[in-house]
Amino acid sequence: MPLTLATQAPGEPEIFASLQGEGPSAGRPVAFLRLSRCNLACQWCDTAYTWHFEGDNRPHRDDTTFDRKANQLMLSEDEVAQRIAALGQDRLVVTGGEPLLQAGPLAKLLDLLPDIAVEIETNGTVAAPPRLDVRIDQYNVSPKLAHSGNPADLALLPERLDAYATDPRTFFKFVIAQPDDVDEVLALAERYRFRPGHVFLMPEGTDSATIRQREAWLAPLCLEHGWRMSDRLHIHLYGDTRGT
Ligand code: SF4
């Protein structure tokens with residue numbers, strides 16, 4: 001079964017080399033693979049072109065829907081592996097959308113890239129099957145809080161959160177739009193006993209000014225609770241653009 005990828009431009013798969021912009025690997029040169037489709041619908045999602053296709057009436061703050069044909073591309077695992085290998089990086093970040101919705105073809109893809117380290121960026125609602133899980137070096141799990149607009153019974157699944165919280169490969173990254181959002185993180189951290197040093201708070205924002213303004217009040221909250229703060233390096237460097 002082929003993989004369904006997001007596109008940088010119609011017909012051009014979103015496979016590229018860049019610096020990881022967020023979380024524990026921020027600043028590292030990596031290859032990126034962005035897969036299409038998501039099982040959630042965050043109202044502030046900055047990659048809505050992976051799921052908010054024409055005819056989808058779920059709310060999104062930009063009120064934009066995307067042409068599916070122009071924003072999705074099916075490619076074989078062989079073709080994707082060749083394109084990733086050509087980037088010459090020793091680490092791959094698989095992102096989306098929700099990449100674990102394509103666990104089967106993703107596992108086949110990674111069989112073709114045996115020497116590359118792998119980070120998965122997931123919303124934390126889907127488990128990787130063993131054949132894929134064995135290839136993952138790092139899970140960047142971003143559970144979605146109430147301000148995302150997703151119902152908690154879809155976005156915060158106790159069994160999944162417990163499994164990720166007990167896996168030493170997991171780093172949690174919470175998108176924070178206002179100071180009150182941190183109360184939800186506190187409740188989750190207590191319930192699932194997150195590992196010290198494995199929790200990041202990251203400001204919601206798709207422009208440098210918004211990110212910096214929110215980091216000003218986020219930094220003291222990180223200090224108070226012993227959490228790490230994640231910037232969004234790629235936004236400062238390239239703006240809110242595809243393929244970066
Ligand atoms: Fe977008 Fe991620 Fe939310 Fe899916 S889970 S809608 S990709 S922010």
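Start with R37, which is partly exposed at 35% relative accessibility (buried means under 20% relative accessible area, exposed over 50%, partly exposed in between, with a 1.4 Å probe and protein chains only). This is a predicted model, in which local features need pLDDT of at least 70 and side-chain atom pairs count only at pLDDT 80 or more, while totals for chains, interfaces and linings use all residues. Residues are numbered from 1 along each chain as its sequence is written, and side-chain values use heavy atoms, with hydrogens and water left out.

R37 is not a glycine, yet its phi is positive, about 85°. Most residues other than glycine have a negative phi, and most peptide bonds are trans. R37 is in the loop between β4 and α1 (68-71); helices (H or I, at least four residues) and strands (E, at least two) are DSSP runs, numbered from the N terminus.

Select D63 next, in the loop between β4 and α1. D63 also has a positive phi, near 60°, and is exposed, with a relative accessible area of 69%.

Now show the residues around the ligand, which include C38, C42, W44, G97 and K144; a residue is near a molecule if one of its heavy atoms lies within 4 Å of it. The shell divides into seven nonpolar, three polar and one charged (Ala, Val, Leu, Ile, Met, Phe, Trp, Tyr, Cys and Pro count as nonpolar, Asp, Glu, Lys and Arg as charged, and the others, Gly among them, as polar). C38 is partly exposed at 22%, whereas C42 is buried at 7%. G97 is joined to G96 by a cis peptide bond with omega of about 10°, and G97 lies in the loop between β6 (91-95) and α3 (103-111).

The ligand sits in the largest pocket (more than half of its atoms lie within 2 Å of the grid points). On a 1 Å grid over the protein atoms alone, a pocket is an open set with protein on both sides within 12 Å along at least five of seven lines, a cavity is a set of points where a 1.4 Å probe fits but cannot get out, and lining residues have an atom within 4 Å of a point. The largest pocket has a volume of about 940 Å³. Of its 48 lining residues, R34, D46, T47, G96 and R232 are the closest to its centre.

Finish at the largest cavity by selecting its lining: Y164, A165, D167, T170, F172, F194, R195 and H198.

Terms used
Grid points are joined across faces, edges and corners, and a volume is the space filled by probe spheres set on the points.
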